[in-house]
Amino acid sequence: MKHPWDPQTFASGAKAEGRSDETVSASIAAASAIKRRHPDLPVVLTLNHLAHLSDVSSDFLHEVAHRKIDPYRVFRVKKRGVPNKVSAPPRRYRTICVPEPRLMRAQRWIAQNVLQVIPSHPASFAFIKNRDLVDAAERHVGAKWLVKMDVRHFFESIHEDAAYWVFRGFGYGALLSFQMARICTRLPTHSRIDPRYRLGRGASAQPYRTHPMGHLPQGAPTSPMLANFASAILDSRLAQLATSENWTYTRYADDLAFSRIGPSSRGEAMHLVKQVETALETSGLVPHRQKTTIVPPGGRKILLGVAVDTGRPRLTKAFRNNIETHLYALNHESIGPERHRAKRGFASKIGMRRHILGLIAFAHQVDEAYASKLYAEANRVDWTR
């Protein structure tokens with residue numbers, strides 16, 4: 001979306017409203033800094049201005065920015081474990097933080113009008129217009145060697161200071177960037193506050209860096225794109241590392257992939273893994289070593305849930321069998337949704353339905369013709385049974 005800006009029109013309107021010459025000049029200078037970064041970025045001068053543009057109460061946004069309220073509905077969803085690992089088990093639940101409607105509206109405005117304007121690093125593929133999971137997987141089709149890595153607690157590891165520098169990099173003023181960073185982050189629960197930022201006695205007199213830092217909440221519409229921009233330096237480092245070692249690098253949110261068409265060895269792959277782990281730790285991220293996988297020539301290469309062995313990314317046989325079994329049971333006259341729900345251990349038919357539709361939506365990204373058949377089968381299900 002384009003946001004035209006005419007300083008002369010602004011100056012005339014501001015002076016007609018009785019604004020001083022100093023205020024008008026400062027506002028034009030602030031707007032020019034934003035437009036120099038990208039001509040399609042919207043001019044936002046203050047938090048009240050943001051409230052007006054996003055049609056949200058300015059008092060509410062000030063309360064959020066000052067951490068006076070926690071405008072999120074927090075719940076947990078089961079997280080898929082990592083089988084056959086003998087080390088400490090990973091967290092079994094993922095914490096989802098859904099913003100209340102007013103905050104959701106403001107965050108969506110920021111996501112659509114600010115964060116979608118400037119493209120992310122070319123190695124990043126998640127949550128980006130005109131890039132998707134299949135695009136990321138295509139970069140690794142036909143590789144002989146595939147290295148897959150994961151970042152532990154990705155969103156929670158990106159704090160409000162990183163979000164602040166993203167907005168500052170877009171040309172927005174220091175105070176507004178701080179306030180937008182606060183709007184797009186959430187304080188961790190008391191028991192999980194990073195000990196580096198714990199408050200002690202006399203905390204009110206301590207500098208800002210000693211106060212609890214908010215992090216990107218998983219569930220906010222701004223978090224994925226802010227995570228991409230906050231990871232731009234990391235992406236550059238890893239892309240340079242991959243190029244120097246003749247590997248191809250992509251990142252899809254917290255999933256890192258490296259592939260090599262030419263010959264290599266497990267030793268070279270392990271060397272790459274160690275270098276990537278160092279780069280992650282330098283960026284304040286923690287590698288999820290339990291999910292690190294090295295696939296040599298001859299091994300089945302599955303990336304982001306799709307097969308990338310040859311040709312083009314395609315759905316795996318296991319995925320097809322699973323979704324087809326679901327739909328067969330749901331439409332079978334002697335089984336139906338309720339019996340299938342109980343058999344598969346879903347808490348509710350609504351949850352099961354969302355899960356199955358999510359699988360079909362995933363299939364649609366990879367194989368539209370096949371997904372159309374699945375949607376037809378799903379539409380036949382009588383969910384009242």
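Author: Happy to. Leu303 stands opposite Val306 in strand 9. Before we go on, this is a predicted model, where local features need pLDDT of at least 70, side-chain atom pairs count only at pLDDT 80 or more, and totals for chains, interfaces and linings use all residues. Residues are numbered from 1 along each chain as its sequence is written, and side-chain values use heavy atoms, with hydrogens and water left out.

Reader: Thanks. How many bridges join strand 8 to strand 9?

Author: Two bridges, and the strands run antiparallel; strand 9 covers residues 306-307. Strands here are DSSP runs of E with at least two residues, helices are runs of H or I with at least four, and both are numbered from the N terminus. Two strands pair if DSSP finds at least two bridges between them.

Reader: What sheet do they belong to, and which strands are at the edges?

Author: It is an open sheet of three strands in the order 8-9-10, with antiparallel pairing. Strand 8 (302-303) and strand 10 (314-315) are the edge strands, each pairing on one side only.

Reader: Zooming out, how many helices and strands does the protein chain have?

Author: There are 15 helices and ten strands. The C-alpha trace spans about 75 × 55 × 50 Å along its principal axes. Of the 385 residues in the protein chain, 44% are buried; buried means under 20% relative accessible area, exposed over 50%, and partly exposed in between, with a 1.4 Å probe and protein chains only.

Reader: And what share of the contacts join residues at least 24 apart?

Author: Among contacts between residues at least 6 apart in sequence, that share is 68%. Contact means heavy atoms within 4.5 Å.

Reader: Nice. Which residues touch the most other members of the largest nonpolar core?

Author: Ile110 and Phe258, in a core of 63 residues. A nonpolar core is a set of buried Ala, Val, Leu, Ile, Met, Phe, Trp, Tyr and Cys residues joined through side-chain atoms within 4.5 Å. Helix 5 (residues 101-115) gives this core its largest share, seven residues. A second, separate core has 34 residues, including Ile323 and Val381.

Reader: What is Phe258 in contact with?

Author: Leaving aside neighbours within four places in sequence, the contacts of Phe258 include His140, Trp145, Met149, Trp247, Tyr249 and Leu272.

Reader: Let's do electrostatics. How many salt bridges does the structure hold?

Author: It holds 14, counting a side-chain nitrogen of Lys or Arg within 4 Å of a carboxyl oxygen of Asp or Glu. One of them joins Glu160 and Arg182, with the closest N and O atoms 2.9 Å apart. Glu160 sits in helix 7 (residues 160-169) and Arg182 in helix 8 (residues 174-183), 22 residues apart. Both Glu160 and Arg182 are buried.

Reader: Where do Asp235 and Arg251 lie?

Author: Asp235 is in helix 10 (residues 232-244) and Arg251 is in strand 4 (residues 248-252), so the pair ties together parts 16 residues apart in sequence. Their side chains meet in a salt bridge at 2.9 Å, N to O, and both Asp235 and Arg251 are buried.

Reader: What is the bridge partner of Arg251 in strand 5?

Author: Leu256. Strand 4 and strand 5 (residues 255-260) pair in the antiparallel sense over five bridges. They form a hairpin with two residues between them, and Ala253 in the turn has a positive phi of about 60°. Four of the five residues of strand 4 are buried, so it is largely enclosed by the rest of the structure.

Reader: Is Asp367 buried or exposed?

Author: Asp367 counts as buried, at 18% relative accessibility. Its side chain meets that of Arg320 in a salt bridge (3.4 Å, N to O). Arg320 is partly exposed, with a relative accessible area of 26%.

Reader: Last topic: which residues of helix 2 are buried?

Author: Val24, Ser27, Ala31, Ile34 and Lys35. Seen down the helix axis, these buried residues fall within an arc of 95°, so they line one face of helix 2; the arc is that of the directions from the helix axis to the C-beta atoms. On the other side of helix 2, Glu22 and Arg36 are exposed. What covers the buried residues of helix 2 includes helix 1 (7-16).
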